[in-house]
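Hello,

Here is the structure I promised to pass on. Please open it next to this message and follow along.

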Amino acid sequence: MENNIVGKEVIAVLGAGSWGTALAHVAAENGHDVRLWTYKPTQVNEINELHRNHQYLGDNPIHPAVVATADMQTAVRGATMVLTVVPTKATRQVARQLAAVLVALDQQVTLVAATKGIEANTYKRPSEMLAEEIPQANRLGIGIIAGPSHAEGVIKHDPTLVTMAAEDLQIAKQMQAAFSNQFFRAYTNTDLVGSEFGGALKNVIAIGAGAIEALGFDANAKAALFTRGLAEMSRLGQAFGANPLTFMGLAGVGDLFVTATSVHSRNFRAGLELGKNKSVDEVVSEMGMVIEGISTTKVVHELGRLKHVPMPITDAIYSVLYEGKNTKEVVTALMERELQQEGN
């Protein structure tokens, strides 16, 4: 079976949205042979001829060594590492396509999930979906990328720190070496569960942060939301075996901060619009991109009940998104909950 890991790697990135394009750009800057797969032929032409991905990253230039293709086999052939960077709801379908390609090529790769979400109904994390769909004979290992890393900042060389997590430390180190440079610094972590839960759950709290902003509340309210929201993230993660310390690092508080404060965050912007009493359908239509936090809120609401973990903030956001509750009334109800000791 083909397996050629060397200093310069062939890296395939599946998904040419903002984050997939930014990661392809970083890998190309580091001298790797990078293929970027997208199902949109017009996007292929724009990236290869103009070195732009205007829909997702405006006029920011993409490294000319990034080669886009609409053929997955062309993207994956000879790769040592394959990143899946598609919305959570498309991850399993793309993984199945990838599995067929890898089997046909008789090829073994390191798999990296760079999607932050949890699958509806199955409650599976992206790494679990890859493990279920890609034959073990075709994978060296599975890792994920987490942490505070808006694509719009990465493409402009805004100093960015991320976590490369894998149960096998050597896989995490391979990822770390492939992507780290003077603008993009990666740390390793073996808590795959905590890193993925942090990346998914912070999107829910970010929606709440946007709503708080729209309602005109100031620093006190934001600090309360961040602190108690982080507590919910950690509680639920621990119920699935995560290390609580992970939530105090880049994949937890770091990613929460950037997602819940930046206009580059789709989830924050969605919360802003919801706080102005727009409907969920209106917000999704106007955004024109996937807002992971909307579907994740429903999943997390269900997981909290399944594991008997108190999730009052998540439940409140769920009531706005799925039950049509008024945002300001929901905030008032949160403040009037039964008084408790901190830590509960």
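**An exposed loop residue**

Start at Asn 121, which counts as exposed at 68% relative accessibility. Keep in mind that this is a predicted model. Asn 121 sits in the loop between strand E5 (109-113) and helix H6 (126-133). Its backbone deserves a look. Asn 121 has a positive phi of about 75°, yet it is not a glycine.

Tyr 123 is in the loop between E5 and H6 too. Its phi is also positive, at about 60°, and Tyr 123 is not a glycine either.

**Two domains**

Now step back to the whole chain. It is divided into domain 1 (10-190) and domain 2 (194-336). The centres of the two domains, taken over C-alpha atoms, are 25 Å apart. How many residues are in contact across the two domains? On the domain 1 side there are 28, and they are in contact with 27 residues of domain 2.

**H5 against H6**

Helix H5 (residues 88-105) packs with H6 at an angle of about 30°. Their axes are 9 Å apart. H5 and H6 are therefore roughly parallel to each other, since angles under 35 degrees count that way. The crossing of H5 past H6 is right-handed.

From H5, the contact uses Thr 88, Thr 91, Arg 92, Ala 95, Arg 96 and Ala 99. They meet Met 129, Leu 130, Glu 132 and Glu 133 of H6. By class, the residues of this contact are four nonpolar, two polar and four charged.

**H9 against H15**

Next, find helix H9 (residues 192-214). It packs with H15 at about 65°, and the axes are 10 Å apart. That makes H9 and H15 roughly perpendicular to each other. Their crossing is left-handed.

Which residues meet here? H9 brings Val 204, Ile 205, Ile 207 and Gly 208. H15 brings Ile 313, Thr 314, Ile 317 and Leu 321. The contact of H9 with H15 has six nonpolar residues, two polar ones and no charged ones.

Stay with Thr 314 for a moment. It is found in helix H15 (residues 312-323). Is Thr 314 buried or exposed? It is buried, because its relative accessible area is 3% and the cut-off for buried is under 20%. Leaving out residues up to four places away in sequence, Thr 314 touches Val 204, Glu 232, Thr 297, Val 300 and His 301. Val 204 is among the H9 residues that meet H15.

**H10 against H11**

One last pair. Helix H10 (residues 219-239) and helix H11 (residues 250-259) have axes that come within 11 Å. The axes cross at roughly 135°. That makes H10 oblique to H11. H10 passes H11 in a right-handed crossing.

The contact is made by Phe 226, Leu 230 and Met 233 of H10. On H11, the partners are Gly 252, Val 253, Leu 256 and Phe 257. These residues divide into six nonpolar, one polar and no charged.

That is the tour. Write back with any questions.

Best wishes

Note on methods. Residues numbered from 1 in each chain as written. Predicted model: local features only at pLDDT ≥ 70, side-chain atom pairs only at ≥ 80, totals over all residues. Heavy atoms only, no water. Axes fitted to C-alpha atoms, helices over the stretch in contact; angles between N-to-C directions. Helix = DSSP H or I, 4+ residues; strand = E, 2+ residues; numbered from the N terminus. Parallel < 35°, antiparallel > 145°, perpendicular 65-115°, else oblique. Left-handed = near helix turned anticlockwise from the far one by under 90°. Contact = heavy atoms within 4.5 Å. Nonpolar A, V, L, I, M, F, W, Y, C, P; charged D, E, K, R; others polar. Buried < 20%, exposed > 50% of the residue type's maximum accessible area, 1.4 Å probe, protein only. Domains from an automatic or database assignment.
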